[in-house]
Amino acid sequence: MEQQPTIWNPVAECMPREELLTLQLGQLQQTLMRVAENVPCYQGKFKEVGFNPGDLKDLSDLANLPFTTKEDLRLNYPYGMFAVPMRDVVRIHSSSGTTGKPTVVGYTKADLASWTELVARFMTAAGVTNEDIIHIAFGYGLFTGAFGLHYGSEAIGASVIPISGGNTDKQLMIMQDYRSSVLVCTPSYALTIADRMEKQGIAPESLALRVGLFGAEPWSEQMRVEIENRLGVIATDNYGLSEVMGPGVAGECLCKAGMHLAEDQFIAEIIDPDTCEVLPEGSVGELVLTSLTKQAFPMIRYRTRDITRLHYETCDCGRTFARMEKTRGRSDDMLIIKGVNVFPTQIEEVLFQIEGCQPHYQLVVERENNQDKLEVQVEVNEKIFFDEMKQQRAFVTEAEKKIHSALGLSVKVKLVEPSSITRHEGKACRVFDNRKN
Amino acid sequence: MKVEQISIFIENKSGRLAEVSGVLGDAGINIRALSLADTSDFGILRLIVNDTDKAFNVLREHNFTVSKTEVIGVEVPDSPGGLSSLLQTLDKNNINVEYMYAFVERSGDNAVIIFRFDDVDAAIDVLTKNSIRVIEGKKLTSI
């Protein structure tokens, strides 16, 4: 039998950085030529700043180019950003955007092949092999998550169960009977599955699950520990967004020391979301991505709104690509309450530190008498429900105190009944800002 | 001696109590005794019912957060001072009451007090030694 690789594409993934930068420069120049020729939006943007694609001589020149934003994609809805004729497009996907029109993205055959390769890379990095049975509980449809993982799994040679999202009881039945060994879903759905397992008395050891590939929403280290304990899996993070590619832009190896960002396909910059200045290496800021190989839907300096940090030292696994920290939230998800910057994941971390508490939660911000008030709504579950009022109130007080010491902000913790927090396709909606500015 | 009580987490919003009693009614479960402890945001509803396990399961199926707790029922004469002497006995013996609630028996001669103690067994011991009648669990759920 053929030996399964532990690195899917060592030539690319372990490329010396100097070589990588040369490769990036060449590909960037080509991409700029192509968009300047084929995409009116970029023609306009380049003209505005007086840029000719031939002007770019060095990677650092990229910082002079304008950004692409979600708004640009909306203005060019549906196909305005495509750089190839529709006859070359073989797949359409769409963002899971919750406001306004969705954004439409397209892929050529070659784009699908590179996407598949990127997913195969991070799945292999997480220890998935052709022996595995992959349980894909992302919703199949316009959302890139399910199809991305599906094609990557097939490339590895693993067996795919395209169960799609929802119907947790059925998911569990199939997991037990079909012996799923790898779970693919959002981290919040992984906890929903864990809840249901506990209710039904299914022990994690009775399942064949060994690896979890979780993505599509930010999650904390505490949540990772909870998922690993309750599902009995190694939980890894992966990152991607449909505007840029889908899952596979970055993914963790078993060192869990950040997600390897596929720098042979994308250039990553970190900017200050307010001033839009490129920040020095190692800074925390908004991730900006430029695609290097994409044909149908190239992106120049796309503002992801995801806040993270990149590390450039070679990983213990030998991969040389930059490692991206777990996203800390979104630059547009960040709440400023009484001058304090609050990311939902910070509150999540605190909640998860409280014994027995792995709740669904939601943040509601209100303004009363010109005072901002943050309410943290926590769905009660059997582990944090006490028959005695004294204990129940102590739980609330403890949560409030811990959040206060972590954020320096007084919040009100409100317990709500199970399932009262809205979920969209397994993606929890974390923030409601009701302030009238 | 002990009887199982069901506790239910209820958000403080209209219609929730009706919902709980509706679920139990539809399942043919009879409520024997009840108490509600509440704050401005939520309440804890405690029930003694004729079929604890069934009530527990049916509420869970309806997505309520429920738990079971052991409590005991004590009979006291339905007359002035009846409760006072009982509580004094408990106090003297350092038995701490977490919470309690009461109802009057159908015959009307005695009141039944449901007690939640932090140490149930010690409490039963003290009550028995002082010749205070602890009601059998079975009898309580079928009153």
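Let's start with the nonpolar core. The largest one has 86 residues, and those with the most contacts inside it are A:I136, A:V184, A:A190, A:V249 and A:L261. By nonpolar core I mean a set of buried Ala, Val, Leu, Ile, Met, Phe, Trp, Tyr and Cys residues joined through C-beta atoms within 7 Å. A residue is buried if 20 or more other C-beta atoms lie within 10 Å of its own, exposed if 12 or fewer, and partly exposed in between, with C-beta atoms placed from the backbone.

A quick word on what we are looking at: this is a predicted model, where local features need pLDDT of at least 70, side-chain atom pairs count only at pLDDT 80 or more, and totals for chains, interfaces and linings use all residues. Residues are numbered from 1 along each chain as its sequence is written, while chains are lettered from A and ligands numbered from 1 in the order in which they are written.

Back to that largest core of 86 residues. Which helix gives the most to it? That is helix α5 of chain A, residues 109–125, with seven residues. Helices (H or I, at least four residues) and strands (E, at least two) are DSSP runs, numbered from the N terminus. There is also a second, separate core of 55 residues, and its members include A:F343, A:I384, B:A55 and B:V74.

Now pick out A:V184. Not counting residues up to four places away in sequence, A:V184 touches A:I134, A:H135, A:I136, A:A137, A:F138, A:L149 and A:L213. Two residues are in contact if their C-beta atoms, placed from the backbone, lie within 7 Å.

Next, the domains of chain A. The assignment gives domain 1 as 1–330 and domain 2 as 335–433; such bounds come from an automatic or database domain assignment. Taken over C-alpha atoms, the centres of domain 1 and domain 2 of chain A are 29 Å apart. Where they meet, 18 residues of domain 1 are in contact with 14 residues of domain 2. On the domain 1 side, the elements giving two or more residues are α8 (187–200) and α9 (221–231) of chain A. Of the elements there, α8(A) gives the most, with four residues.

Let's move to chain B. How many helices and strands are in chain B? There are five helices and six strands, and along the sequence they follow the pattern β-α-β-β-α-β-α-β-β-α-α. The radius of gyration of chain B is 16 Å, close to the 15 Å that the globule rule gives for 143 residues, so chain B is as compact as a globular protein of that length. That radius is taken over C-alpha atoms, and the rule is 2.2 Å times the number of residues to the power 0.38. Along its principal axes, the C-alpha trace of chain B spans about 45 × 30 × 25 Å. Of its 143 residues, 28% count as buried.

How do the chains meet? Here 14 residues of chain B are in contact with 15 residues of chain A. On the chain B side, β1 (2–11), β3 (42–49), β4 (66–77) and β5 (97–104) each supply at least two residues, and β1(B) gives the most, with three.

One last stop: A:S164. Is A:S164 buried, exposed or partly exposed? A:S164 is partly exposed, because 14 other C-beta atoms lie within 10 Å. Its place is in the loop between β4 (159–161) and α7 (168–178) of chain A. Leaving aside neighbours within four places in sequence, A:S164 is in contact with A:G139, A:Y140 and A:A146.
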